Amino acid sequence: MNLKFRHRIALFNTIAVAATMAIVFIVISFVLNKASYAHLDDDLLLEKEEVFSNLDWHLDSIIINKMPEWDEAEHNKIEVNPTFLQIVDTKGIVVFHSSNLLKDQFLFNPHIKQETFFNGEINKQKIRLGQFPIANENGTIIGQLTIAISQQESYSMLNSLMWVLLISFPLLLIVHFIASSLAASRAIQPVHQLIKTTSHISDSNIETRLTLPKRKDELYKLTKTINELLDRIEKSMHQQKQFTSDASHEIRTPLTAIRGTLEVLIRKQREPKVYEEKVTDIIQQVDRMNSLLDQLLQLARIESGAAVAKKETIYLHTIADSFISEWNEIAAPNKINIHIAIDKEVSITADKFFIELIIDNLMSNAIKYGNENGNVFLVWDSTLKTLYVKDDGIGISSHDLPFIFNRFYRADESRSSIIKGNGLGLSIVKKLCDLQSIHLVVDSKPNQGSTFTLQFPE
């Protein structure tokens, strides 16, 4: 059912109102019926007391005294609001009946032992009947008294009420649906305005924001949420553009170097040694570009959700041992000392390949940015279940610290031809930590070194 939103609101509202009205109508009908019958039953009981006052009995015989009221002419015919009377003995023989019954006779139950009220009909008139057992002085039932009074007036009133309810019910619902639809249309007018405004937002004017309503209601929350979404989209688009620009720059740098080297080589004949040096430079540039592409692929896999972290038991000391020779080779030119304080039995549950990438990146960075004759520490704290990578190198300024995990970001101090890198290592480390619920924190001050803290989950 393809209904417009305002019509759906009106429909659901109307259904709720219909259910409520139906319950109210049923309750009203039930109460009026009970009240009507209660009034008629009270009248029957009054008539019963009057009749019983004119009755006598001897053993199992019923003696009817003179009842002047029933001799009146008004009881000789079926009138508008008549009262009917019938007395039968235990054999079912009619002992007495009012003249207005004419040839009619009430059905009765000869076995009842207590007063009973029920509905009936006589000469196409609705009547309310009461049947009352007649007992002698010994308590033995010797007959049945049936009294009936017309309920035509009550029936007509209740019947009219029922028709009024049945006719008014759908009419009220139709009116309510139309009114609800108009009210809903007016209520969602601000939503149409939001749709109109957001439909004109594109990448060229992504900085546009919706005007917040004055009232802090659900519409205010919706508008605020859309603005926050636009903030995230704008930030993501900016990062994407920055990433494309930075990636292009990083790839263009080695390609430019390779092209420049080759142009130099073809200008004139060179000595074999010169060719060897230049080819070595080209290979280094190719390796740099290959490393960059590998890291870009790693980032793409992580951000696409294709990378899934395994859960396996890893011994940190074993990982440190597998990289120590490589780290020492990087540290040798600046005579940096590497200190590893991890017990052999220390183990964690994580993805071995990802942990190797994280530790290798952090240790390599600590060594690259360390001072000559400096120190790099890899320390495990069993109590806090935390791994520390610490150096006493150049450090990171407070201005650069919030951005070091961004792709291609490199602090000014590190932008040097001596310290090679492309600014992707820490970005990969951060994403791999997030993937494994490892809490990564960095603390650094210029010329005092940096400390990377990895707190593993319990």
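I counted eight salt bridges, taking as one a side-chain nitrogen of Lys or Arg within 4 Å of a carboxyl oxygen of Asp or Glu. The model is predicted: local features need pLDDT of at least 70, side-chain atom pairs count only at pLDDT 80 or more, and totals for chains, interfaces and linings use all residues. Residues are numbered from 1 along each chain as its sequence is written, and side-chain values use heavy atoms, with hydrogens and water left out.

**Entry 1: salt bridges**

I looked up Asp 41 and found it in a salt bridge with Arg 128, the closest N and O atoms being 2.8 Å apart. Asp 41 belongs to helix α1 and Arg 128 to strand β6, so the pair ties together parts that are 87 residues apart in sequence. Helices (H or I, at least four residues) and strands (E, at least two) are DSSP runs, numbered from the N terminus. Both Asp 41 and Arg 128 are buried; buried means under 20% relative accessible area, exposed over 50%, and partly exposed in between (1.4 Å probe, protein chains only).

I next noted a salt bridge between Arg 209 and Glu 234, at 2.5 Å from N to O. Arg 209 sits in the loop between α4 (189-199) and α5 (218-267), and Glu 234 in helix α5, so this pair ties together parts that are 25 residues apart in sequence. Arg 209 is partly exposed at 27% relative accessibility, and Glu 234 is partly exposed at 28%.

**Entry 2: helix α3**

I compared the span of helix α3 (residues 152-187) with expectation. Among the buried residues of α3 I listed Leu 158, Leu 165, Ser 168 and Leu 173.

**Entry 3: the sheet**

I traced an open sheet of five strands in the order β4-β3-β7-β6-β5, with antiparallel pairing; two strands pair if DSSP finds at least two bridges between them. The edge strands, β4 (94-97) and β5 (116-122), each pair on one side only. Seven bridges join β5 to β6 (residues 125-135), and Ile 122 stands opposite Gln 125 in β6.
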